[in-house]
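Hello,

I am handing over a structure that is new to you, and below it you will find my notes on what turned up. Could you read them with the structure open beside you?

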Amino acid sequence: VQLGSLQNSPMPSLTNALGGTIVGTSFGVAGVYNAVAVVNNGLITATSGGSMGVTLTAGGPITNSGTIGGGYAGIMVSGGLGTITNQGSVSGGTAGIWLRAGGLINNSGAIGGNYAVIVDGGAAVIENSGQINGGRLGVGLSGGGFVTNAAGGTITGSYPVQITGGGAYLYNRGAIIAAAGASGTAVSMAPGFTDVVSIYPGSTI
């Protein structure tokens with residue numbers, strides 16, 4: 001399904017209801033030209049190796065309580081801020097969610113991929129009370145921002161939280177666990193910036 005308009009019209013939107021299925025080869029849902037809103041309560045998937053479940057090329061909000069998957073990325077948003085609210089499952093062969101112009105991710109479901117969450121091109125706000133499971137990287141930010149891992153939230157990966165640019169604030173009430181165990185690096189922040197790490201009683205890093 002491809003959505004978008006060259007006209008100055010209200011934001012195009014798509015709702016995939018509970019029980020609905022959208023399957024594509026290169027993408028399940030694509031938003032082009034302008035911001036697009038996607039609501040998924042069913043299944044959206046793309047099957048080829050380089051595919052994306054949902055791709056928005058001009059930003060927009062995505063709300064998911066179903067399942068979104070792609071051969072390369074579950075969700076990719078570029079060209080504008082991405083706002084992702086996930087209560088379901090998002091996964092990709094390489095990236096679970098990739099925001100290429102900054103944005104917000106609120107996750108109370110499950111996000112998975114070799115690089116579970118990647119945000120570049122701008123600052124990010126990551127709010128997690130669910131599961132973010134990366135093979136290599138759990139959460140990676142190249143423009144700084146805020147990462148809040150609430151009680152009951154888990155972020156895992158060889159590098160669970162990695163900030164490579166910009167100042168960052170990390171608030172942890174849950175579990176941030178390196179796959180390599182005690183010899184791994186659970187939290188890595190770039191030098192030369194003002195960073196704040198708050199670790200609350202009962203939490204694990």
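A strand here is a DSSP run of E of at least two residues, and strands are numbered from the N terminus. By that count, asparagine 40 belongs to strand S5, which covers residues 37-40. Please keep in mind that this is a predicted model.

Let me stay with asparagine 40 for a moment. Is asparagine 40 buried or exposed? Its relative accessible area is 0%, and buried means under 20%, so asparagine 40 counts as buried. Its side chain makes a polar contact of 2.8 Å with the side chain of asparagine 64. Leaving out residues up to four places away in sequence, asparagine 40 touches Asn16, Thr63, Asn64, Ser65, Gly66, Thr67 and Ile68.

Next, the sheet. Strand S5 is part of an open sheet of 9 strands with parallel pairing, in the order S2-S5-S8-S11-S14-S16-S18-S21-S24. The edges are strand S2 (13-16) and strand S24 (196-199); each has a single partner strand, so one side of each has no neighbour in the sheet. On average, neighbouring strands of this sheet are turned by 5° against each other, direction ignored. In general, strands of a sheet pair through backbone hydrogen bonds.

Strand S7 has pairings of its own. It runs parallel to strand S4 (residues 27-31), with 4 bridges between them, and glycine 31 stands opposite leucine 56 in S7. S7 also pairs with S10 in the parallel sense, over 4 bridges, where methionine 52 is opposite alanine 73 in S10. Why call S7 largely enclosed by the rest of the structure? Because 5 of the 5 residues of S7 are buried.

Now to the interior. In soluble globular proteins, nonpolar side chains tend to be buried together. The largest nonpolar core in this model has 35 residues, and Val38, Val54, Ile62, Ile75 and Ile126 have the most contacts inside it. Among the elements that give two or more residues to this core are S7 (52-56), S10 (73-77), S13 (95-99) and S16 (124-128). Its largest share, 4 residues, comes from S15. Another core, of 6 residues, lies apart from it and includes Met52, Met76, Ala95 and Ile118. As for isoleucine 126, its contacts beyond four places in sequence include Ile105, Val117, Val139 and Phe146.

Finally, the aromatic rings. How many aromatic pairs does the structure hold? There are 2. Tyrosine 72 and tryptophan 98 form a tilted pair, 6.4 Å centre to centre with 40° between the planes. These two residues are 26 residues apart: tyrosine 72 is in the loop between S9 (67-70) and S10, and tryptophan 98 is in strand S13. Tyrosine 72 is partly exposed, with a relative accessible area of 27%, whereas tryptophan 98 is buried at 14%.

Phenylalanine 146 and tyrosine 169 have ring centres 4.9 Å apart and planes at 15°, so this pair is stacked. Phenylalanine 146 in strand S18 and tyrosine 169 in strand S21 are 23 residues apart. Phenylalanine 146 is partly exposed, with a relative accessible area of 39%, and tyrosine 169 is partly exposed too, at 29%.

Happy exploring, and best wishes

Definitions and conventions. Residues are numbered from 1 along each chain as its sequence is written. This is a predicted model: local features need pLDDT of at least 70, side-chain atom pairs count only at pLDDT 80 or more; totals for chains, interfaces and linings use all residues. Side-chain values use heavy atoms; hydrogens and water are left out. Two strands pair if DSSP finds at least two bridges between them. Axes are lines fitted to C-alpha atoms, for helices over the stretch in contact, and angles run from 0 to 180 degrees between N-to-C directions. Buried means under 20% relative accessible area, exposed over 50%, partly exposed in between (1.4 Å probe, protein chains only). A polar contact is a pair of N or O atoms within 3.5 Å; within protein, one must be able to donate a hydrogen and the other to accept it, and residues adjacent in sequence count only if both atoms are side-chain atoms. Contact means heavy atoms within 4.5 Å. A nonpolar core is a set of buried Ala, Val, Leu, Ile, Met, Phe, Trp, Tyr and Cys residues joined through side-chain atoms within 4.5 Å. Rings of Phe, Tyr and Trp (its six-membered ring) pair if their centres lie within 6.5 Å; planes under 30 degrees apart count as stacked, over 60 as edge-to-face and the rest as tilted.
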